[in-house]
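Hi everyone, thanks for making the time.

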Amino acid sequence: MIGAKFRKPLGRVFLLGFGLVCVGCERDAGPSGSGRSGGSASARPNVLLVTFDTTRADRLSCYGNQAVRTPTIDALAAKGVRYTRCYAPAPITLPSHASLLTGLYPTHHQLRDNGVGRLDERAETLAELLRGAGYHTGAAVGAFVLDARYGLNQGFDSYDDNISGANRATGLHFAERPASGVTDAAARWLTTLEEGPFFLWVHYFDPHAPYAPPGLRKGVTEQEAYDAEIAYADGELGRLLAQVKSRGSANGRETLVVFTADHGESLHEHGEWTHGLFVYNATIRVPLIVTTLGDDAGGVTVDAPVSLVDVMPTLLARLGIDSPYGLDGALLPLSTNSGKDAPRAVYFETQLPFNTYGWSALEGVVLGEEKYIAAPSPELYHVVADPSEMKNLLAAGALPDARLVRALRDAKKSAPGTPELVVGETGEDAKAIKRLAALGYVSGARPSAGDGSPLADPKAMVTLHDKATRASLHLEGRRWSKAAVLIRAVLSKDPNNYWVLDMLIKMLQEAAAYSDAADVARWRLQSQLAPPWDEQLPAAVGLAAARAGQGAAVQEMLERLVEQKPESADLRCALAAVLLQVGKSEEARPHLEAALAVDPNHVMALSGLGDLAFFSGNMEEAIRRYESVTRSGSAGADVYGKLGQVYEMSGQESRALQAYRDAVAADERLVDVRLSLAGLLSRLGKSAEAVDHYGEVVRLRPDDAAAHYDFGLAHAGLQKFDEARREFERAVDLKPDYGDAWINLGTVRMKQGDLPGAAAIFTKAKGIDAVAAESRYMLGVVAAQRGAIDETVRLYEEAIAIKPDYFAPIDELSKYYLLNKNAAGAVRILKVGVEHQPDDVVLAIRLAKILATSSVDGLRDGATALSLAKRANERAGGSRAGVLAALSAAQAEVGDFTAAVATVERAIALATSQGDRAKVATFRAMLQQYRQSKPHRDPNY
């Protein structure tokens, strides 16, 4: 059956006792049986698997390093079995963990690099087998590189890969969560368990670069910082073990513990800074300790070479559970003498040099005390006498011994019955790829085999690897000129370097980096490029030039390339972008349509046609085009940002909100889109979320006064006046004539009860022309709060004189005059307001009511009142009871009582439907007057 699990048992291995695990080499021990699993779940111990990321064996104190204290790990080693020569199958996180959990080498489980795809469902994981044997299964992992999308969650009841709360204060902060968060997640899961044994895998990412554990003192060396990360993770492991012991005591079971690492760290040995490029001991020799919590047995040290693939078959044998098929792993030996007469080959590899750079991949075997690395220039080391691998025993041009070549070949063979696994799809999105890149991992473009020429030996290219890594860090830090220098240096030696060309294209996509990136790109385009870069790089140059407003400079080049390669959709889209930028939109359209003819789902073509529709005002077509890009699964952050904009302009606010969120999720540094999102959130009353986005904006643009101003408004909306004051102060520091920021800063001081401080701020603002009226109005508000009403009136009058359409002082001052029986003053102010805001219903109706109902004969003006009331009623759509009542008063004032009766009856009906009894009573009194042919007089006017 397609997709079925293979189950070909090798025979069970039963080992006596709960002390040191298994670990023997005898495969014929124990009785036979027909069941898949031997023993019963009720008798089995709990199992805890702990992996530290990026942890060299020789940096632990129990492995001889006295520079760092790792008491928790040391205690495990003191009573368990410590393997001094355990090798990771790959110096890369995902492949190595996949081997640990499947018992298969990367050549067989097929996850040979980070981010390459999903573990085949047909693979049987340790978690699946233990769950099938009655175990509760849980995992807590510390980095996105082990996200569930890559398939290592197979068999886990709970797989906690939530790193949303990651809190590293670096450019890579989103890639991991600290060890404390991992421990907390694992401990929470333990509290949910019912009866029965558990299997818990806990992955601590912290020893991974950048090395920044909590409390790290300043001025430490890189190695000291690395050691401090290991010590921090060791402390968290101690906290975890306390929880595990408590749970073990509660369910009456011992707990079997396996501690190891996925790979090591070069720390500049052999010229490599971190890991992945080489397969020397620094990156593939890892700690491995197996013990039982509570066991008082003395520690045992085993010097025989073993592999991480040995952990799964060893645990299965220890627990009496059948292996599903032939595994690459063997049972871990109990002593160094085990297998000494016939040493077993331990396989390792790295595909990263090829996937990332286009250089040769590396592979090899450890055979006894020898280590053979198959490379363009092969290497052989005696790793016991020369653990740092400084002396290659193969002379230049010499070939390795045939037995080593044979051992390597045999190690890569599949055991009988092992399924031929394939890499599954992950549905990788732009955000996922960005996270992997931030970790320093690039799965690569998966290039073709090329022209058959020999691939470069990574040893000969290590200085370029170092330059490329530093260039990537400069890009992450947005240090464009430094990145450009390093990119050019690498390409001058390795012209078709995959990763570095990809970096150059990404740099072209950054508006602020255009000048530096374009200089390097134009230099590189002077010589021939290998596919696919011969299309991708010039297309990226064209798009970047169009964004920078410099499309004319590259138009001729792109036209020539399109003529040479008319089937290239990328080149046609780049040319179309340039033509759009130089104002030749009709010439751009045929290229976009031709690109779609080549590839109906081409993202740039669809997006470009959406841009054309947007610029022409056809929002419906723009939405259709942009949505088709998002449905393709390949939409970039910019497309989601554009879609959000057209949704918002079309009044589709909920859709706009989601599109903006998708945009910033795909690219956290899209400041303008984030501003649009925050602004929309504020308008929709989602102030708390708006504050989060404004905070990110000011982090990315610390010198943007407007961003600080918006951030202050968002805080003010949440009544967080201290925070609002801080942001407004920062805004005026950056832009001293920022009038609105001064006004809001003074307003915040008022909210905090600091009237003198507020008055001082508003007084400063009086000298800023843009807010001359607003500052006087606010000074009037301060005066009113102090009880200085005459000063308030004077300041309001000054504000209106400066800005005669300023609603707030006109509204308040007219009401003040009416309250103090100064209807003439109110009429004077309201006439100014109505003259400059003729469509304002509130001011027009207030003036109409006075002119129609005043008790002062000289103030009444029925004709003007009627004109104002009619216009206001039209603006209100005839749906406001108060407006209708004012209109009826004006009609009565000019003697049209029939119309006045009809109008006030409509007002009564509206007020009645709204349950406003006071208005109903007033309007009925007016109705009685109109029926008696009497106009209405308001004693307040």
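Let me start at one spot in a sheet: Phe348 has Gly364, in S11, as its bridge partner. Before I go on, keep in mind that what you're looking at is a predicted model.

So, the sheet itself. It's an open one built from four strands, in the order S10-S11-S12-S13, with antiparallel pairing. At the edges you find strand S10 (345-350) and strand S13 (379-382), each of them pairing on one side only. On average, neighbouring strands here are turned by 15° against each other, if you ignore direction. As a quick reminder, strands of a sheet pair through backbone hydrogen bonds, and that can be parallel or antiparallel.

How many bridges join S10 to S11? Six, and the two strands run antiparallel. At the other end, strand S12 (residues 370-374) pairs with S13 over four bridges, again in the antiparallel sense.

Now, is S10 mostly covered or mostly open? Mostly covered: six of its six residues are buried. Ala345, Tyr347 and Glu349 point one way from the strand, Val346, Phe348 and Thr350 point the other way, and all are buried. There's also a helix to look at here: helix H10 (residues 402-411) lies across S10, strand S11 (362-367), S12 and S13, and runs at about 110° to S11.

Next, the rings. The structure holds 21 aromatic pairs. Take Phe156 and Phe199, a stacked pair at 5.8 Å centre to centre, with 25° between the planes. Where do these two sit in the chain? Phe156 is in the loop between strand S3 (136-140) and strand S4 (158-160), while Phe199 is in strand S5 (residues 198-204), so we've got distant parts of the chain being linked, 43 residues apart. Both Phe156 and Phe199 are buried.

Another pair is Tyr777 with Tyr796. Why do I call that one stacked? Because the ring centres are 5.1 Å apart and the planes are at 25°, where the cut-off for stacked is under 30 degrees. Tyr777 lies in helix H30 (residues 772-786) and Tyr796 in helix H31 (residues 789-802), so this pair ties together parts that are 19 residues apart in sequence. Both tyrosines, Tyr777 and Tyr796, are buried.

While we're on rings, two lysines are worth a click. Lys735 lies over the face of Tyr738, 4.8 Å from the ring centre, and Lys803 lies over the face of Tyr806, at 5.0 Å from the ring centre.

Most residues other than glycine have a negative phi, and most peptide bonds are trans. Here, the bond from Ala209 to Pro210 is cis, with omega near 0°, and Pro210 is in the loop between S5 and helix H6 (222-251). The bond from Pro531 to Pro532 is cis as well, with Pro532 in the loop between helix H15 (514-524) and helix H16 (533-547).

For positive phi, there's Thr54, near 55°, in the loop between strand S1 (46-52) and helix H1 (71-79). Thr54 is buried, at 0% relative accessible area. Then there's His268, with phi near 75°, which counts as partly exposed at 44% relative accessibility.

Note on methods
Residues are numbered from 1 along each chain as its sequence is written. This is a predicted model: local features need pLDDT of at least 70, side-chain atom pairs count only at pLDDT 80 or more; totals for chains, interfaces and linings use all residues. Side-chain values use heavy atoms; hydrogens and water are left out. Rings of Phe, Tyr and Trp (its six-membered ring) pair if their centres lie within 6.5 Å; planes under 30 degrees apart count as stacked, over 60 as edge-to-face and the rest as tilted. Buried means under 20% relative accessible area, exposed over 50%, partly exposed in between (1.4 Å probe, protein chains only). A charge sits over a ring if NZ of Lys or CZ of Arg is within 6 Å of the ring centre and within 35 degrees of the ring normal. Two strands pair if DSSP finds at least two bridges between them. Axes are lines fitted to C-alpha atoms, for helices over the stretch in contact, and angles run from 0 to 180 degrees between N-to-C directions. Contact means heavy atoms within 4.5 Å.
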